[in-house]
Number of protein chains: 2
Amino acid sequence: MHERPLIFVTNDDGISAPGILALSAIAKKFGDVVLLAPDKPQSGMGHAITINSTLRLNQTNFHNVLQEYSCSGTPVDCVKMAVNHLLKRVPDLVLSGINHGSNSSINVIYSGTMSAALEGALEGTSSIGFSLCDYSIDADFTQSTAYIEKIIAEVLEKKLPKGVCLNVNIPKLKADEIKGIKVVRQAQANWVEKIDERKDPYGKSYFWLTGEFMNFEKHSTDTDEWAIANGYISIVPTQSDLTSHSSIQHLKKLEL
Amino acid sequence: MHERPLIFVTNDDGISAPGILALSAIAKKFGDVVLLAPDKPQSGMGHAITINSTLRLNQTNFHNVLQEYSCSGTPVDCVKMAVNHLLKRVPDLVLSGINHGSNSSINVIYSGTMSAALEGALEGTSSIGFSLCDYSIDADFTQSTAYIEKIIAEVLEKKLPKGVCLNVNIPKLKADEIKGIKVVRQAQANWVEKIDERKDPYGKSYFWLTGEFMNFEKHSTDTDEWAIANGYISIVPTQSDLTSHSSIQHLKKLEL
């Protein structure tokens with residue numbers, strides 16, 4: 001008889017967010033779940049880690065799982081604390097999310113959800129980040145449950161290539177409107193910022209970062225943005241080598 | 001007659017760190033310098049951005065440049081604020097650093113310095129992150145000045161490929177010991193964490209993240225780690241597409 005897999009769950013929206021409640025409920029069907037997630041929202045934290053201050057853990061009981069803690073740090077801190085302190089072993093699977101909002105294309109580098117999944121891959125285990133392209137407070141995380149279960153089952157059985165995690169983005173659709181799953185690449189896209197300047201009650205300026213999303217590859221059909229816009233769940237295999245291999249020869253020609 | 005280039009300078013160690021003082025002094029030789037850097041150390045902040053709270057700018061005068069502000073946010077926030085609020089144009093060059101400590105290999109994804117450089121590339125301009133592999137408070141940032149000037153001059157003249165920035169790491173050596181520059185790729189390496197658990201005065205646990213660096217490619221001679229260990233300044237062309245292109249075909253075979 002096989003042992004039940006050990007599944008670690010985290011996110012970036014915080015331990016009490018609806019998205020992680022949906023994900024831990026699914027994870028429990030597949031194995032023993034240990035959950036360690038930020039004690040507050042950590043969206044946009046990218047691959048930040050806490051090195052200039054200390055971390056705290058607090059036992060919580062939102063999820064009815066094997067072990068559960070909130071952490072004062074970032075999503076990546078949560079993975080490091082889980083693997084190296086709480087579990088003292090590499091889990092069989094790391095799940096991050098379900099994020100409230102898209103982590104497709106360029107969003108992957110700003111995303112705490114995906115940075116946690118990438119950190120899981122760096123720790124040497126199969127990792128998946130899930131995001132629902134719906135920012136509303138009453139987003140329905142249950143419409144894609146069957147697909148999420150299929151992805152988890154397949155990854156648990158076949159494992160992922162070393163150092164690679166999955167960036168899964170789910171369109172904001174009803175279950176019967178989702179057309180299926182596409183394995184695609186990260187679209188070339190960007191945010192064009194609009195800085196919203198305001199005055200505080202003392203007359204001093206403060207700023208909000210806002211922006212408009214720009215997809216530079218609207219006509220490519222092999223990208224995550226295309227898949228989502230056309231009713232598919234996108235899966236991008238994601239890794240941490242940022243080298244622009246195609247530029248190495250070009251740069252060797254510079255006079256340095 | 002050519003106009004002087006507009007050069008934007010930032011870092012992650014904070015606006016008064018010795019490394020950015022050294023870099024702004026060099027930048028002034030090449031153009032008009034605008035500087036906007038974090039008001040406190042932001043090491044390990046990765047590609048974090050501030051979306052759940054507000055940002056502040058404060059005029060400062062450490063660097064004797066055209067314009068200079070400290071910012072309450074992250075290194076990536078600094079680039080976004082500079083391009084979209086302060087300058088209202090894309091500068092001719094973004095320089096980040098000189099970082100106190102290495103940003104080679106896997107460090108690139110945790111690095112605020114390199115995330116600022118990558119954000120410069122996303123904004124559409126040539127960007128370079130500089131790091132000195134010396135964490136000591138009395139690190140000598142002047143030993144590599146001639147090399148940094150050569151790299152800046154060459155990049156200003158020839159520009160970088162679209163979306164690509166440079167990750168420049170300088171070994172801790174005297175000027176006449178540096179053997180030259182190598183254009184290389186990011187080594188496969190990782191940190192093996194050691195979580196340092198301590199008790200506060202009230203008997204409750206708190207934690208420091210520490211770790212040991214592991215280079216998995218000690219015998220490869222085309223990596224940044226090899227270049228630095230062998231007395232060369234390493235340059236890795238760096239970009240923000242995290243897709244594992246080589247895994248796409250493999251994943252298409254999964255039953256999804």
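# A tour of the two-chain model

Start with chain A, where nine strands make an open sheet of mixed pairing in the order 3-4-2-1-5-6-7-11-8. Strands are DSSP runs of E with at least two residues, helices are runs of H or I with at least four, and both are numbered from the N terminus. Two strands count as paired if DSSP finds at least two bridges between them. Go to the edges: strand 3 (57–59) and strand 8 (180–183) of chain A each pair on one side only. Neighbouring strands of this sheet are turned by 20° against each other on average, direction ignored. Such angles run from 0 to 180 degrees between N-to-C directions, with axes fitted as lines to C-alpha atoms, for helices over the stretch in contact.

Before moving on, note that this is a predicted model: local features need pLDDT of at least 70, side-chain atom pairs count only at pLDDT 80 or more, and totals for chains, interfaces and linings use all residues. Residues are numbered from 1 along each chain as its sequence is written, while chains are lettered from A and ligands numbered from 1 in the order in which they are written.

**Stop 1: chain A, whole**

Along its principal axes the C-alpha trace spans about 60 × 50 × 50 Å.

Colour by burial next. Of the 256 residues in chain A, 52% are buried. Buried means 20 or more other C-beta atoms within 10 Å of the residue's own; exposed means 12 or fewer, partly exposed lies in between, and C-beta atoms are placed from the backbone. For contacts in chain A with a separation of 6 or more, 77% are between residues 24 or more positions apart. A contact needs C-beta atoms, placed from the backbone, within 7 Å.

**Stop 2: strands and helices of chain A**

Select strand 7 (residues 165–170) and strand 11 (residues 232–238) of chain A. They run antiparallel, joined by five bridges. Find Val168(A); its bridge partner in strand 11 of chain A is Ile235(A).

Helix 1 lies across strand 1 (6–10), strand 2 (32–38), strand 5 (93–100) and strand 6 (126–132) of chain A, at about 145° to strand 5. Then take helix 2 of chain A. It lies across strands 1, 2, 3, 4 (67–71) and 5 of chain A, running at about 135° to strand 2. Helix 2 (residues 75–86) of chain A is mostly covered, with 10 of its 12 residues buried. Among them are Val76(A), Cys78(A), Met81(A) and His85(A). Step just past the helix to Lys88(A), which takes a positive phi of about 55°.

**Stop 3**

Strand 1 (residues 6–10) of chain B pairs with strand 5 in the parallel sense, over four bridges; Thr10(B) has Ser96(B) as its bridge partner. Strand 6 (residues 126–132) of chain B also runs parallel to strand 5, through six bridges. There, Asn99(B) is partnered by Ser131(B).

Now show helix 4 (residues 112–122) of chain B. It lies across strand 1, strand 5, strand 6, strand 7 (165–170) and strand 11 of chain B, at about 170° to strand 6.

**Stop 3: the hairpin**

Select strand 9 (residues 189–199) and strand 10 (residues 205–215) of chain B. They pair antiparallel over 11 bridges. Asp196(B) stands opposite Trp208(B). Five residues sit between the strands, and Gly203(B) in this hairpin takes a positive phi near 85°.

**Stop 4: both chains**

Show the interface. Here 61 residues of chain B contact 61 residues of chain A. On the chain B side, helix 2 (residues 75–86) gives the largest share, five residues. That side divides into 30 nonpolar, 20 polar and 11 charged residues. Nonpolar covers Ala, Val, Leu, Ile, Met, Phe, Trp, Tyr, Cys and Pro; charged covers Asp, Glu, Lys and Arg; the others, Gly among them, are polar.

The same surface serves both copies, as 100% of the contact residues of chain B recur in chain A.

Terms used
Two residues are in contact if their C-beta atoms, placed from the backbone, lie within 7 Å.
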